[in-house]
Amino acid sequence: MSSNDWEQRKFADFTWDAGKRNKEDLDLEPYAITNEHGFIRQRDAHDDFGYMKDTDRKAYNIVQPNSFAYNPARINVGSIGYYKGCGKCDS
């Protein structure tokens, strides 16, 4: 195998679930993950049908900076994003 060859590997072989629920209801900026823009503030993503500011954030996952996350309800359309922010966020 040369250094230019590709190796097929399963995604699970080099990723791990780093998700942690916001059980303590920390006041973090909530984000949505879209197929068009990746991470986007929820207030921007859901403007058409109302910002979800009153949603119970305890069910949200805390996303660490420099992490990938995906929307499990919309993974079929590519709703995955890379969060490079400087602080934690809810997703």
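D44 is partly exposed, with a relative accessible area of 39%; by partly exposed I mean the range between buried, which is under 20% relative accessible area, and exposed, which is over 50%, with a 1.4 Å probe and protein chains only. The side chain of D44 meets that of R41 in a salt bridge, at 3.0 Å from N to O. The term salt bridge is used here for a side-chain nitrogen of Lys or Arg within 4 Å of a carboxyl oxygen of Asp or Glu. R41 is likewise partly exposed, at 34% relative accessible area.

Before I continue, a word on the source. What you see is a predicted model, in which local features need pLDDT of at least 70 and side-chain atom pairs count only at pLDDT 80 or more, while totals for chains, interfaces and linings use all residues. Residues are numbered from 1 along each chain as its sequence is written, and side-chain values use heavy atoms, with hydrogens and water left out.

How many salt bridges does the structure hold? There are two. Besides the pair of D44 and R41, R57 forms a salt bridge with D27, and the closest N and O atoms are 3.4 Å apart. R57 lies in the loop between α1 (42-45) and β4 (61-63), and D27 in the loop between β1 (20-21) and β2 (31-34), so this pair ties together parts that are 30 residues apart in sequence.

The secondary structure comes to one helix and seven strands, and from the N terminus on the order is β-β-β-α-β-β-β-β. Helices (H or I, at least four residues) and strands (E, at least two) are DSSP runs, numbered from the N terminus. Of the 91 residues of the protein, 24% count as buried.

One of the buried residues is N22, at 0% relative accessibility. N22 is found in the loop between β1 and β2. A polar atom of the N22 side chain lies 2.7 Å from the backbone nitrogen of L26.

I turn next to the strands. β2 is joined by four bridges to β3 (residues 38-41), and these strands run antiparallel; two strands are said to pair if DSSP finds at least two bridges between them. β2 and β3 form a hairpin with three residues between them. Within this pairing, I33 stands opposite F39 of β3. Strand β3 also contains G38, which is buried at 12% relative accessible area. G38 and Y70 are 32 residues apart in sequence, and their C-alpha atoms are 8.6 Å apart in space.

Y70 leads us to the surface. Which residues form a nonpolar patch there? They are F68, Y70, I75, I80 and Y82, with about 550 Å² of accessible area together. The elements that give two or more residues to this patch are β5 (67-70) and β6 (80-83). Patches are made of residues with over 30% relative accessible area and no salt bridge, where like charges are joined within 9 Å and nonpolar side chains (Val, Leu, Ile, Met, Phe, Trp, Tyr) within 5 Å. The areas come from the Shrake-Rupley method with a 1.4 Å probe, and for residues only the protein chains shown count as cover.

β5 and β6 run antiparallel and are joined by four bridges. The bridge partner of F68 in β6 is Y82. In a regular strand the side chains alternate between the two faces of the sheet. In β6, G81 and Y83 make up the covered face, and I80 and Y82 the uncovered one.

Finally, the aromatic residues. A search of the whole structure finds four aromatic pairs. The rings of F68 and Y82 have centres 4.9 Å apart and planes at 55 degrees, so the pair is tilted. With F68 in strand β5 and Y82 in strand β6, the pair ties together parts that are 14 residues apart in sequence. Rings of Phe, Tyr and Trp (its six-membered ring) pair if their centres lie within 6.5 Å; planes under 30 degrees apart count as stacked, over 60 as edge-to-face and the rest as tilted. Is F68 buried or exposed? F68 is exposed, at 62% relative accessible area, while Y82 is partly exposed at 40%. Ring pairs also link Y31, F39 and Y83 into a cluster.

Key
Polar contact = N/O pair within 3.5 Å; in protein donor to acceptor, adjacent residues only side chain to side chain.
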